[in-house]
Amino acid sequence: MSLAYAECPLDIRESLAAQYFVDAIRDEDTQHSTRLMDVKDLKSALAYSMKYETARTVSKTSKHVRSLEVEDDSKKKEDKFESLFNRLEKLLNNCITEKKNATRRNPNVTCRQCNRKGH
């Protein structure tokens with residue numbers, strides 16, 4: 001701006017820089033809101049547009065946040081966790097024993113009785 005408008009006073013250059021900045025904002029809502037603030041310099045235009053985008057982002061994400069119920073009964077939590085842990089352990093043990101018991105078949109082996117491969 002200093003080189004392009006060297007003959008203009010500083011306050012006019014600052015105002016032009018702020019206008020060009022607002023024009024360059026891609027998001028229409030942010031651009032419109034910043035334009036309505038009628039900022040006079042580049043620094044305040046940047047600060048306002050960043051605050052606006054931050055507030056808008058926070059308000060979008062806060063709609064999807066659900067409240068969390070807090071249980072006071074820690075014994076129930078421990079019992080639920082223990083039960084879940086036991087179920088998972090049984091399931092894991094079943095999977096391990098099934099894998100051990102499963103016969104491994106090679107698809108390239110030919111049966112001696114029927115001369116077919118894979119069984």
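Biologist: Let's start with Gln31. Buried or exposed?
Modeller: Gln31 is buried, with a relative accessible area of 18%. Buried means under 20% relative accessible area, exposed means over 50%, and partly exposed is in between (1.4 Å probe, protein chains only). This is a predicted model: local features need pLDDT of at least 70, side-chain atom pairs count only at pLDDT 80 or more, and totals for chains, interfaces and linings use all residues. Residues are numbered from 1 along each chain as its sequence is written, and side-chain values use heavy atoms, with hydrogens and water left out.

Biologist: Where is Gln31 found?
Modeller: In helix α2. Helices are DSSP runs of H or I with at least four residues, strands are runs of E with at least two, and both are numbered from the N terminus.

Biologist: And what is Gln31 in contact with?
Modeller: Val22, Asp23, Ala24 and Ile25, leaving aside its neighbours within four places in sequence. Contact means heavy atoms within 4.5 Å.

Biologist: Which residues of α2 are buried?
Modeller: Thr30, Gln31, Ser33 and Thr34.

Biologist: Zoom out. How many helices and strands in the chain?
Modeller: The chain has 4 helices and 0 strands. Of its 119 residues, 11% count as buried.

Biologist: What about α1? Which residues are buried there?
Modeller: Arg13, Ala17, Ala18 and Val22. The length of α1 also checks out. The expected span is 1.5 Å times one less than the number of residues. Helix α1 (residues 10-24) has 15 residues and should span 21 Å, and its end C-alpha atoms are 21 Å apart, which agrees.

Biologist: Switching to charges. How many salt bridges?
Modeller: The structure holds 4. A salt bridge is a side-chain nitrogen of Lys or Arg within 4 Å of a carboxyl oxygen of Asp or Glu. One of them joins Asp23 and Arg35, with the closest N and O atoms 3.1 Å apart. That pair links distant parts of the chain: Asp23 is in helix α1 and Arg35 is in helix α2, 12 residues apart.

Biologist: What does Arg56 pair with?
Modeller: Asp29, at 3.7 Å from N to O. Arg56 lies in helix α3 and Asp29 in helix α2, so this pair ties together parts that are 27 residues apart in sequence. Asp27, Asp29 and Arg56 are linked in a network of salt bridges.

Biologist: And Lys40?
Modeller: Lys40 forms a salt bridge with Asp38, with the closest N and O atoms 3.3 Å apart. Lys40 counts as exposed, at 55% relative accessibility.

Biologist: Where does Asp38 lie?
Modeller: In the loop between α2 (28-37) and α3. Most residues other than glycine have a negative phi.

Biologist: Cysteines next. How many disulfides?
Modeller: A search of the whole structure finds 0. The cut-off is a pair of cysteine sulfur atoms within 2.5 Å. Cys8 is partly exposed at 26% relative accessible area, and Cys114 is partly exposed at 38%.
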